[in-house]
Amino acid sequence: MGILSDDVVIIRQSEKEGDPSVITINCPDKTGLGCDLCRILLFFGLNIVRGDVSTDGRWCYLVFWVIGKPNTRWNLLKTRLVEASPAFAWAFGISRCYLSESESQPPDLFLLKLACSDRTGLLYDVTEVLYKLEINIEKVKISTTPDGKVMDLFFVTDTRELLGTEKRRDEVYEYLRDAIGDAMMSYDIKLVSSEVTARSPASSSFAETLFSSLEEHPSGLQTSSSVSIAVDNSLSRAHTLIQITCQDHKGLLYDIMRTFKDFNIQQISYGRFTIKRGKNCEIDLFIVQSDGRKILDSSKQDALVSRLRAELQQPLRVVMMNKGPDTELLVTNPVELSGKGRPQVFYDIALALKKINTCIFSAEIGRHLTGDREWEVYKVLINEEESLPVSRSKIEEQVWSTLMGWE
């Protein structure tokens with residue numbers, strides 16, 4: 001047990017505020033491990049400023065230099081990183097971490113019902129509590145009545161897998177009560193049936209309207225700055241070198257690793273990630289396909305480069321749309337082939353709107369299929385009476401900047 005805790009993940013916290021902390025991970029390798037680890041770092045709100053990765057296909061060694069927040073939960077982060085490594089399954093003799101994602105059982109889904117008196121920042125306060133308690137929001141339905149009352153329906157899963165216990169439910173209640181105060185009117189959590197988790201594809205008309213509006217949106221907020229991607233097969237006999245230069249954003253390394261995982265890239269034999277001259281990033285990655293060979297097929301190269309470019313230029317999409325007399329904020333992001341969505345998107349949306357004192361009238365999270373891709377779609381109806389001093393462009397800019405980590 002001690003070997004796992006001490007050797008698999010080592011975290012050396014920075015002694016000076018603003019300096020990076022160093023996370024070292026030394027464990028058996030598996031396809032998609034880099035994506036899983038970067039997803040955890042993104043969930044904990046860490047910004048990766050430098051990274052080194054090396055593996056021989058059986059064992060890997062990763063080092064991340066990260067900037068955290070004063071309230072970063074380092075001990076909990078270490079626990080989650082250890083659990084994500086194949087060494088965890090080997091040491092404890094369990095199979096869940098060792099199964100493919102298609103074979104593993106989905107976590108139990110719970111419905112959290114919350115009725116409150118409305119106020120600015122209420123949604124952010126609730127999502128912050130759930131974030132701190134490691135409760136993941138899968139779906140949400142929020143509505144506001146004319147008399148200023150809010151009914152929140154959160155479909156959630158528990159990272160700690162304890163929400164079925166009375167002690168855990170009481171813990172959630174106490175945290176919410178402290179955050180909301182006397183505005184809380186009622187609270188309830190119950191397990192829901194598997195039928196509720198079923199996701200149906202969007203209608204073609206809805207998808208066409210939504211994504212055409214996103215593509216045609218004229219503001220320059222939708223894309224990151226220029227992305228350069230080069231493929232080189234001449235520097236290594238066994239590996240393809242992918243060289244990327246781009247602007248940094250929150251979750252950049254996760255977006256790259258997610259793309260490789262979805263393309264079934266077997267391993268990154270060596271990789272280096274650095275931020276230079278402020279926000280400019282340089283990434284060098286030596287990779288092989290699932291068959292253990294370099295990528296020589298030009299069509300496969302083009303497909304990988306095209307997907308990487310799209311993911312780095314538009315890791316998320318943000319647009320304001322008219323919905324009758326009201327204004328709707330739409331945010332979308334791609335879903336991993338494994339079914340996992342991007343961490344903390346709803347939390348960041350709520351934070352951005354709180355910063356500019358913009359009230360949310362209703363909100364909903366759904367998933368929609370367009371072509372061969374699945375997307376998470378966050379639909380937020382803005383209360384324009386409360387948000388009159390804030391322009392639509394300001395709302396969009398604030399949400400985009402918060403999601404990209406450019407504040």
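Two strands count as paired if DSSP finds at least two bridges between them, and strands themselves are DSSP runs of E with at least two residues, while helices are runs of H or I with at least four, both numbered from the N terminus. What you have here is a predicted model, where local features need pLDDT of at least 70, side-chain atom pairs count only at pLDDT 80 or more, and totals for chains, interfaces and linings use all residues. Residues are numbered from 1 along each chain as its sequence is written, and side-chain values use heavy atoms, with hydrogens and water left out.

**The overall picture**

The protein has eleven helices and 16 strands. Of its 407 residues, 50% are buried, meaning under 20% relative accessible area with a 1.4 Å probe and protein chains only. Take the contacts (heavy atoms within 4.5 Å) between residues at least 6 apart in sequence: 70% of them join residues at least 24 apart.

Eight strands make an open, antiparallel sheet, in the order 8-5-7-6-15-16-14-13. Strand 8 (184-191) and strand 13 (317-323) sit at the edges, each pairing on one side only. From one strand to the next, the twist averages 25 degrees.

| Strand pair | Bridges |
|---|---|
| Strand 5 and strand 7 | eight bridges |
| Strand 6 and strand 7 | nine bridges |
| Strand 6 and strand 15 | two bridges |

Strand 7 (residues 149-158) is mostly covered, with seven of its ten residues buried. Over in this strand, F154 stands opposite L112, and L153 stands opposite K141. K141 also has a bridge partner in strand 15, namely E364. As background, side chains in a regular strand alternate between the two faces of the sheet.

Strands 6 and 7 form a hairpin with four residues between the strands, and G148 there takes a positive phi near 85 degrees.

**A helix pair**

Helix 8 (residues 252-262) packs against helix 9 (residues 298-313) at about 150 degrees, with the axes 10 Å apart; axes are lines fitted to C-alpha atoms over the stretch in contact, and angles run from 0 to 180 degrees between N-to-C directions. That makes the two helices roughly antiparallel, the term for angles over 145 degrees.

Which residues of helix 8 meet helix 9? They are L252, D255, I256, R258, T259 and F260, and they meet L304, R307, L308, E311 and L312. By type, the contact divides into six nonpolar, one polar and four charged residues. Nonpolar covers Ala, Val, Leu, Ile, Met, Phe, Trp, Tyr, Cys and Pro, charged covers Asp, Glu, Lys and Arg, and polar takes the others, Gly among them.

Conventions:
Parallel < 35°, antiparallel > 145°, perpendicular 65-115°, else oblique.
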